[in-house]
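Biologist: Please take me through this entry, one question at a time. Keep each answer to what can be computed from the atoms.

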Amino acid sequence: MSLSCGTLARGGLLLLLPLIAVAVYLDGQRYDPAVLRFNPAGDVGASALLPKEVAGLAMEGPARVYTTDNLFEYVNGHAEFFISLGFKSLTVAGYSPPGEARGKPEYTVDIYDMAAPQNAFGALAQESAGMSPQSIGTLGYSSSRSVMFIQGKLYVKVDSFAKGDRMTELARALASTLATAQPEGETDLPQFAIFPSLGAVANGRSYKREDYMGLEIFREVFEQAYERDGARFFAFAFTPSSGVEDFMIKAMEAIGDMGAEATETEFGGSRGILVHDEYEGDWALASVKGKVAGARGFSDPALLEAFMEELAGKESGS
Amino acid sequence: MKRREFIKSAAVVATASGLGLASEARNASAAGPSSIQTYRPLGKTGLKISDISFGGGKLASSSLVARAMDMGINYIDTAPDYGRSENVLGEHIKKNGRRDKLIIATKFCDYGFYGQHLPGDQPESKYIQMVEGSLERLNTDYIDVIFVHAMGEGSHGQEDRLFSENMLGAFAKLKKAGKARFLAVSSHGPNRMEELLMKAVKSGHFDIIQPAHNFMQFPKVPDVIAEAGKRGVGVVAMKTLAGAKATNIPTGGEPFEHAAFSWVLQNPNVAGLIVTIANVRTLKYYVEASGKPFTRQSQASLDQYMLAHSAEYCRTGCGECLDACPEGVDVASILRHQMYFADYGQEKRAMAAYAGMQKKADVCGDCEGAACQQACPYGVQAKRLMNLAHQDLSFPA
């Protein structure tokens with residue numbers, strides 16, 4: 001009995017079917033976080049913003065996206081912290097040198113979409129404890145194995161379990177990419193709106209978590225550098241946890257304890273303190289719109305007083 | 001209230017400027033009890049340093065350096081990888097001068113975040129380039145002390161870094177050019193600290209050592225310090241507060257920090273200690289400990305601290321439990337990773353290191369004998385701590 005070629009081919013295909021089924025089954029069992037954890041609602045997070053290649057590194061595998069529903073899978077025990085701050089989505093990607101992908105990326109990039117710049121700042125402020133300031137993004141910090149920064153509403157962390165020698169470079173490149181990708185107007189921090197815009201140095205913003213000017217009670221301070229008529233000085237502002245009035249009383253005591261001379265006064269109709277400090281120079285504080293705002297670094301006390309009047313009288317956002 | 005109708009709340013402290021060491025101390029004395037009382041020779045360097053000196057790891061304000069100098073502090077420790085520490089110190093020098101009244105110690109490492117220590121295989125030019133960067137940030141044309149830093153930390157800690165020909169060659173060139181004066185080595189462990197520092201002392205290459213030294217950890221450090229004393233190698237102590245887990249415990253007598261400092265400084269071969277100073281309050285508080293003798297009250301204060309923390313404090317460098325576990329779990333290393341996780345805030349680093357260990361602490365939960373605990377001469381509750389470590393250091397499944 002003889003069989004035609006067509007019959008043989010059909011038979012062969014039938015024999016292959018179980019093998020194909022087994023292969024598909026086994027592939028389906030392989031652990032792939034990108035498949036298992038991909039948000040079913042279709043939110044792609046910041047995936048579209050992530051470059052395939054950056055800073056001489058290539059993205060390894062697909063990006064993963066987490067939402068409020070499954071964030072706990074990635075930051076177990078810390079999800080509520082982000083959600084309470086306004087967390088919208090988290091995009092996680094791995095980067096390795098081209099050709100060196102081994103299933104364990106050399107660098108991981110976490111991009112938290114926090115819905116608003118102030119939320120992103122809130123996350124950065126909490127997570128950057130003890131880290132060193134870096135000029136990356138709107139505000140940046142780093143430690144031996146992490147670089148973190150905010151860019152508009154995005155809070156970004158770059159981690160490395162390996163040498164980490166390209167970590168800062170990667171963070172800077174990402175900050176640049178993310179800055180251009182965000183809509184105009186969504187990139188500013190409202191905490192800086194209290195400062196006058198005239199003479200404000202473009203990259204002169206910083207945040208000091210503690211011990212501003214060596215004073216323990218000056219915490220979580222936003223600072224803006226200025227250049228006017230060739231002179232450089234700084235304005236600062238913060239919201240004391242005990243309230244402004246209580247803080248002004250404590251400030252008088254603390255300034256006295258450090259050996260400086262404090263004078264109660266008014267700026268723009270608001271309660272203020274003028275300080276003559278042998279070490280820090282003349283500086284001043286005032287109660288401004290529910291915050292404590294001040295200035296330092298002036299060589300001429302008259303200019304300090306004039307700036308304080310301007311700061312205290314400034315309408316928010318102008 | 002009008003601006004000129006003011007209330008003065010404090011007097012201005014005495015002005016100080018352009019003074020030598022003796023007059024620095026005199027001026028500091030004028031400021032009251034918060035002034036340095038003791039200066040000790042730093043080995044054979046010819047330098048004398050304040051017994052309480054400035055750890056600049058969190059230096060954020062240049063005015064704090066000026067205040068410290070006026071209280072008599074004359075030695076400050078910084079590094080390129082302590083954030084903006086070198087820049088801030090440089091701001092102080094630019095503004096206040098008095099460079100010759102300050103002994104500046106910095107490190108052979110890259111600028112940026114902590115952990116940029118140069119490995120041993122770097123070319124000579126790299127070491128020189130690092131120091132040139134420090135000179136620029138510090139606004140100075142010379143550095144007093146250059147450290148090979150953090151021997152025994154992480155993957156570093158090998159002799160090739162300690163005795164790198166290129167490092168030694170670079171330092172010789174820098175010294176000849178008047179850009180660096182003394183070579184030093186530091187270690188805060190956790191690996192082979194005493195062994196590496198002893199080799200450094202005996203090698204004759206180093207003018208100064210800076211060990212982690214306190215009343216709880218590294219029991220063999222006094223041997224190294226004694227050897228350094230014999231050979232004229234200066235000793236600056238660090239990590240003197242033994243982790244400072246909780247400094248508000250009632251001691252009923254001498255403040256814990258002052259007792260811990262005087263314990264270290266009772267060793268005549270220790271020239272001084274560095275402690276992180278971040279604000280005016282801690283500056284004044286620490287300086288008040290200068291010149292204090294170690295007394296029975298000091299010991300009582302340390303005893304209180306030990307009582308509060310001893311059972312949860314694995315002494316880095318001890319190693320008595322190393323061979324105790326029948327399961328072969330490296331108890332000391334796991335508790336060291338836990339220290340990085342819980343005390344140093346280096347969670348991911350600690351978790352990654354733990355993930356790479358062959359034997360983990362998951363077996364400790366069912367352990368009945370707790371041989372590690374039996375072997376510990378300090379009564380550390382190792383079983384409980386190992387279970388906690390496994391919980392903290394494991395990645396979520």
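Modeller: A helix here is a DSSP run of H or I with at least four residues, numbered from the N terminus. The model is predicted.

Biologist: In chain B, which residue with a positive phi follows α6(B)?

Modeller: Helix α6 of chain B covers residues 165–176. The helix is followed by a residue whose phi is positive, near 80°. That residue is Gly178(B).

Biologist: Which elements of chain B do the buried residues of α6(B) pack against?

Modeller: Buried means under 20% relative accessible area. In α6(B), Met167(B), Leu168(B), Gly169(B), Ala170(B), Phe171(B) and Leu174(B) are buried. Their packing partners in chain B are α4 (124–138), β6 (143–148), α5 (159–162) and β7 (180–187).

Biologist: In what order do the 8 strands of the chain B barrel close?

Modeller: The pairing in this barrel is parallel. The twist averages 30° from one strand to the next. The order is β3-β4-β5-β6-β7-β8-β9-β10.

Biologist: What is the bridge partner of Ala237(B) in β10(B)?

Modeller: Strand β9 (residues 234–237) and strand β10 (residues 272–276) of chain B run parallel and are joined by 2 bridges. In β10(B), Ala237(B) has as its bridge partner Leu273(B).

Biologist: At about what angle does α7 of chain B run to β7(B)?

Modeller: Helix α7 of chain B spans residues 193–203 and lies across β7 and β8 (208–211) of that chain. Angles are taken between N-to-C directions and run from 0 to 180 degrees. For α7 against β7(B), the angle is about 155°.

Biologist: Turning to chain A, what distance separates the centres of domain 1 and domain 2?

Modeller: The domain assignment places domain 1 of chain A at 47–181 and domain 2 at 190–316. Across the boundary, 9 residues of domain 1 are in contact with 7 residues of domain 2. Taken over C-alpha atoms, the centres are separated by 33 Å.

Biologist: Which residues of β6 of chain A are buried on each side?

Modeller: In a regular strand the side chains alternate between the two faces of the sheet. Strand β6 of chain A, residues 139–142, is covered on both faces. One side has Leu139(A) and Tyr141(A), and the other has Gly140(A) and Ser142(A).

Biologist: In β7(A), what is the bridge partner of Gly140(A)?

Modeller: On one pairing, β6(A) meets strand β5 (residues 132–134) of chain A in the antiparallel sense over 3 bridges, with Ser132(A) opposite Ser142(A). The hairpin of β5(A) and β6(A) has 4 residues between the strands, and Gly137(A) takes a positive phi near 65° there. Strand β7 (residues 146–151) of chain A also runs antiparallel to β6(A), joined to it by 4 bridges. In β7(A), Gly140(A) is partnered by Phe149(A).

Biologist: Which residues touch the most other members of the largest nonpolar core?

Modeller: This core has 98 residues. Helix α6 (residues 244–257) of chain A gives the most to it, with 7 residues. Apart from it lies another core, of 45 residues, including Val75(A) and Phe82(A). In the largest core, the residues that touch the most other members are Phe218(A), Leu285(A) and Phe108(B).

Technical notes: Residues are numbered from 1 along each chain as its sequence is written. Chains are lettered from A and ligands numbered from 1 in the order in which they are written. This is a predicted model: local features need pLDDT of at least 70, side-chain atom pairs count only at pLDDT 80 or more; totals for chains, interfaces and linings use all residues. Side-chain values use heavy atoms; hydrogens and water are left out. The expected span of a helix is 1.5 Å times one less than its number of residues. Buried means under 20% relative accessible area, exposed over 50%, partly exposed in between (1.4 Å probe, protein chains only). Contact means heavy atoms within 4.5 Å. A nonpolar core is a set of buried Ala, Val, Leu, Ile, Met, Phe, Trp, Tyr and Cys residues joined through side-chain atoms within 4.5 Å. Two strands pair if DSSP finds at least two bridges between them. Domain bounds come from an automatic or database domain assignment.
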